[in-house]
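Here are my notes on this model, as numbered points. Please read them with the structure open.

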Amino acid sequence: MQATLGFERPKHILSASQFNRAFLDYMYELINQIRKFDKTKDGLMYLQSLLPHRRAMLYFTQPSTRTFMSFQAACSILGIKPSEIRDTATSSERKGESIDDSLRTFASYVDLIVMRAPVAGLSDRIATLLDATPRPVPIINAGSGPDEHPTQALLDIYTLQRSFKSASGIEGKTICMVGDLKRGRTIRSLSRLLANYPRTQLIFCSPPEFKIADDLRQFLSSRDVSFEETTNFTAAIEAADAIYMTRVQDEYDQAGATKVDTRAYCLKQEHLPLLRRDSVIMHPLPRRDELDPAIDHDPRAKYWRQERNGMWTRVALITILMGVDSHIVLPTL
Ligand code: CP
């Protein structure tokens with residue numbers, strides 16, 4: 001099936017760079033089909049019958065609300081029994097066990113590991129480590145320091161694709177990303193996925209201190225993605241088909257760091273008349289003052305829907321990793 005669809009079945013989900021357009025299109029259809037099962041009790045019972053013999057570990061040693069809860073819910077929807085560690089103070093890491101040994105131990109007991117950690121590249125390292133053992137299990141990167149958040153980017157793509165369904169899709173759209181673009185992992189992963197959509201234009205709007213990192217700039221240039229960097233918030237949001245707001249990632253501040261003034265990069269009710277009538281407002285959440293709750297009522301605000309889309313996206317990704325996506329009948333692509 002995968003050969004005809006144009007992508008290799010992923011063993012792990014580690015980076016947005018691993019996905020091509022064929023995978024993204026397949027994932028979109030798969031999520032839409034899975035959501036149809038949500039409409040009836042029989043449909044939900046069918047989903048629960050797919051993986052009741054599987055176990056998962058949610059290893060989240062960096063704070064999370066929605067990624068953790070949506071993976072927990074996704075496991076439950078598919079009948080998977082999840083275990084969790086949310087603080088190394090409660091595991092044998094506290095006694096000096098290495099992260100590598102801890103993750104290898106989880107692989108002795110479960111069939112899937114979902115991990116969020118403050119260390120960039122940790123998921124890749126653990127996937128390589130486990131692949132060399134007699135019991136490799138799929139790893140999902142649920143956020144790796146300031147580096148990557150591929151499942152967030154996949155749910156963002158799903159949200160964009162649904163939002164632009166009647167406007168010929170994501171291709172050719174102008175996506176404006178605002179905030180701490182230097183340390184925002186959602187920005188880094190989403191930008192990589194958007195490189196799969198021809199003629200898409202990216203506007204990166206931030207204070208000078210929070211401009212995108214060189215490696216992302218080089219990646220976009222290597223893929224011929226059109227992008228501009230600006231400090232002009234008003235002009236950027238006026239030009240955008242989608243505005244993707246993000247918070248300051250000050251958990252990565254060095255001790256004694258000077259606070260950056262981000263007041264000019266906050267979306268407020270007074271900006272709403274400036275936006276395109278059919279534009280889309282997104283945010284990976286959690287938010288602070290960069291996204292005024294007063295605009296939650298605006299039909300262009302999609303961030304609560306985005307959050308729920310995350311659960312269905314994660315259901316779809318787990319079915320792919322566990323090889324049961326073929327049990328969800330898709331229309332011909
Ligand atoms: N968007 C996101 O990753 O949210 P959490 O940190 O709450 O999981």
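1. First, a term. Buried means under 20% relative accessible area, exposed means over 50%, and partly exposed is in between (1.4 Å probe, protein chains only). On that scale D250 is partly exposed, with a relative accessible area of 32%.

2. The model is predicted: local features need pLDDT of at least 70, side-chain atom pairs count only at pLDDT 80 or more, and totals for chains, interfaces and linings use all residues. Residues are numbered from 1 along each chain as its sequence is written, and side-chain values use heavy atoms, without hydrogens and water.

3. D250 has a partner. Its side chain meets that of R288 in a salt bridge (3.0 Å, N to O); the term means a side-chain nitrogen of Lys or Arg within 4 Å of a carboxyl oxygen of Asp or Glu. R288 sits in the loop between β9 (280-282) and α11, and D250 in the loop between β8 (242-245) and β9, so the pair ties together parts 38 residues apart in sequence. Helices (H or I, at least four residues) and strands (E, at least two) are DSSP runs, numbered from the N terminus. R288 counts as partly exposed, at 40% relative accessibility.

4. The whole structure holds 23 salt bridges. One of them joins the side chains of R308 and D38 (3.5 Å, N to O). R308 is in helix α11 and D38 in the loop between α2 (21-37) and α3 (41-48), so this pair ties together parts 270 residues apart in sequence. R308 is partly exposed at 46% relative accessibility, and D38 is partly exposed at 30%.

5. R188 and D147 also meet through their side chains in a salt bridge (3.9 Å, N to O). This pair links distant parts of the chain, 41 residues apart: R188 in helix α8 (residues 185-194) and D147 in the loop between β4 (139-144) and α7 (150-163). R188 counts as buried, at 8% relative accessibility.

6. Is strand β5 (residues 174-178) enclosed or open? Five of its five residues are buried, so β5 is largely enclosed by the rest of the structure. T174, C176 and V178 point one way, while I175 and M177 point the other way. β5 pairs with strand β6 (residues 201-205) in the parallel sense over five bridges; pairing requires at least two bridges found by DSSP. Within this pairing, I175 stands opposite L202 of β6.

7. Back to helix α11 (residues 303-321): R305 is found there too. R305 is exposed, with a relative accessible area of 52%.
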